[in-house]
Amino acid sequence: MTTATTTVETVDTTAPADATTTAVETATPSPEPRVVLAMDHVSYSYTKGGKKVVDDLSHDFHAGRVISIVGPSGAGKTTVLSLLSGLTGPTEGRILYNGDDLARSDRYRFRSHDIGVIFQSFNLLPALTVEENITLSMEASGKTFDRPKHDLVVELLAKVRLPAEYANERILHLSGGEQQRVAIARALGYDPDIILADEPTGNLDMATQDDIMAIFRSLAHEEGKCVIIVTHSPAVADQSDEVFELKPLRR
Ligand SMILES: Nc1ncnc2c1ncn2[C@@H]1O[C@H](COP(=O)(O)OP(=O)(O)OP(=O)(O)O)[C@@H](O)[C@H]1O
Ligand SMILES: [Mg+2]
């Protein structure tokens with residue numbers, strides 16, 4: 001048996017850099033942001049008795065912030081995202097949503113209502129239109145909407161900076177960057193508290209990457225959402241409010 005340890009470092013990129021900024025910040029204290037999602041001593045092994053991929057992680061994720069999860073390939077980033085999304089249950093420890101243990105709540109409801117997941121491969125239905133892809137997940141949530149779905153779709157497209165005419169385009173006619181925006185719009189369709197995204201800017205040029213990050217920052221800072229993204233890009237990590245670094249387990 002090898003000893004397995006996970007080291008986690010968090011860097012608050014919004015923290016004041018010098019004493020002058022500290023003084024300004026102290027004069028106007030901002031309220032402590034609300035914890036929406038938390039890992040409480042979470043461990044995970046892929047098979048019973050198999051190797052641990054995640055070992056004793058604890059962390060609070062706050063509303064109104066963009067958090068980047070970084071770390072080398074194989075460190076367990078996608079695994080952590082799937083634990084946070086309720087897709088997988090931890091082998092040990094708890095995932096808490098607004099203080100409630102996910103294992104004791106309706107995980108289907110959590111996944112369809114409270115959390116929007118953007119997969120690396122987008123998981124859009126290529127033969128359907130943009131609007132059909134977005135309304136499908138709105139319908140699956142079982143939420144009621146106070147306005148016609150088409151109006152909401154047009155509003156969502158504006159939020160991700162796509163023209164309204166794109167509603168009728170088929171996914172297979174869109175570029176990678178455009179599909180990324182549709183995947184974000186779809187995740188926002190039922191207005192979840194939390195957005196999770198795996199490598200959301202992985203195959204995009206720098207300008208498009210910055211655009212996508214601007215969308216995420218506005219969702220967090222203007223709408224109070226908790227946005228958690230996995231990234232390999234230092235530029236993306238720099239644009240987030242907090243960096244959560246996963247170190248691979250020593251084997
Ligand atoms: N379904 C699975 N069954 C068994 N082991 C798995 C499975 N999925 C991932 N692993 C292992 O778990 C570890 C962490 O994988 P994970 O996909 O979470 O890493 P990652 O940090 O997302 O890597 P990358 O940056 O390459 O996407 C790896 O060692 C991987 O081989
Ligand atoms: Mg991964």
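Both faces of strand β9 are covered: Cys226, Ile228 and Val230 on one side, Val227 and Ile229 on the other, are all buried. A residue counts as buried if 20 or more other C-beta atoms lie within 10 Å of its own, as exposed if 12 or fewer do, and as partly exposed in between, with C-beta atoms placed from the backbone.

The model is predicted; local features need pLDDT of at least 70, side-chain atom pairs count only at pLDDT 80 or more, and totals for chains, interfaces and linings use all residues. Residues are numbered from 1 along each chain as its sequence is written, while chains are lettered from A and ligands numbered from 1 in the order in which they are written.

The protein has 8 helices and 10 strands. These are DSSP runs, numbered from the N terminus: helices are H or I with at least four residues, strands E with at least two. Of the 251 residues, 35% are buried. Among contacts between residues at least 6 apart in sequence, 75% join residues at least 24 apart. Contact here requires C-beta atoms, placed from the backbone, within 7 Å.

Strand β9 pairs on two sides of the record of bridges. Strand β8 (residues 194-198) runs parallel to β9 and is joined to it by 5 bridges. Pairing requires at least two DSSP bridges between two strands. Ile195 has Val227 of β9 as its bridge partner. The chain passes from β8 through helix α7 (residues 206-223) to β9 in a right-handed β-α-β crossover. Right-handed means that, with the strands pointing away from the viewer, the path from the first strand over the helix to the second runs clockwise. Strand β4 (residues 66-70) is also parallel to β9, through 4 bridges. Here Ile67 stands opposite Ile228.

Strand β4 is joined to β10 as well, in parallel, by 4 bridges. Val70 stands opposite Glu245 in β10. Strand β10 (residues 242-246) has a covered face, formed by Glu242, Phe244 and Leu246, and an uncovered face, formed by Val243 and Glu245.

Ser68 lies in β4. Ser68 counts as buried because it has 27 C-beta neighbours inside 10 Å. Beyond four places in sequence, its contacts include Ile229, Thr231, Val243 and Phe244. The C-alpha atoms of Ser68 and His232 are 9.4 Å apart, although 164 residues separate them along the chain.

The largest nonpolar core has 60 residues, of which Leu196, Phe216, Val227 and Ile228 touch the most other members. Such a core is a set of buried Ala, Val, Leu, Ile, Met, Phe, Trp, Tyr and Cys residues joined through C-beta atoms within 7 Å. Beyond four places in sequence, Leu196 touches Leu81, Leu84, Ser85, Ile115, Val117 and Ile228.

Helix α4 (residues 130-140) buries Val130, Glu131, Asn133, Ile134 and Thr135. Their cover includes α5 (149-159) and α6 (176-188). Just after α4, Gly142 takes a positive phi of about 70°.

Ligand 1 is surrounded by Tyr46, Val53, Gly71, Ser73, Gly74, Ala75, Gly76, Lys77, Thr78 and Thr79. The criterion is a C-beta atom, placed from the backbone, within 6 Å. Helix α2 (residues 77-84) gives the most to this shell, with 3 residues. By class, the shell has 3 nonpolar, 6 polar and 1 charged residues. Ala, Val, Leu, Ile, Met, Phe, Trp, Tyr, Cys and Pro count as nonpolar, Asp, Glu, Lys and Arg as charged, and the others, Gly among them, as polar.

Terms used: Two residues are in contact if their C-beta atoms, placed from the backbone, lie within 7 Å.
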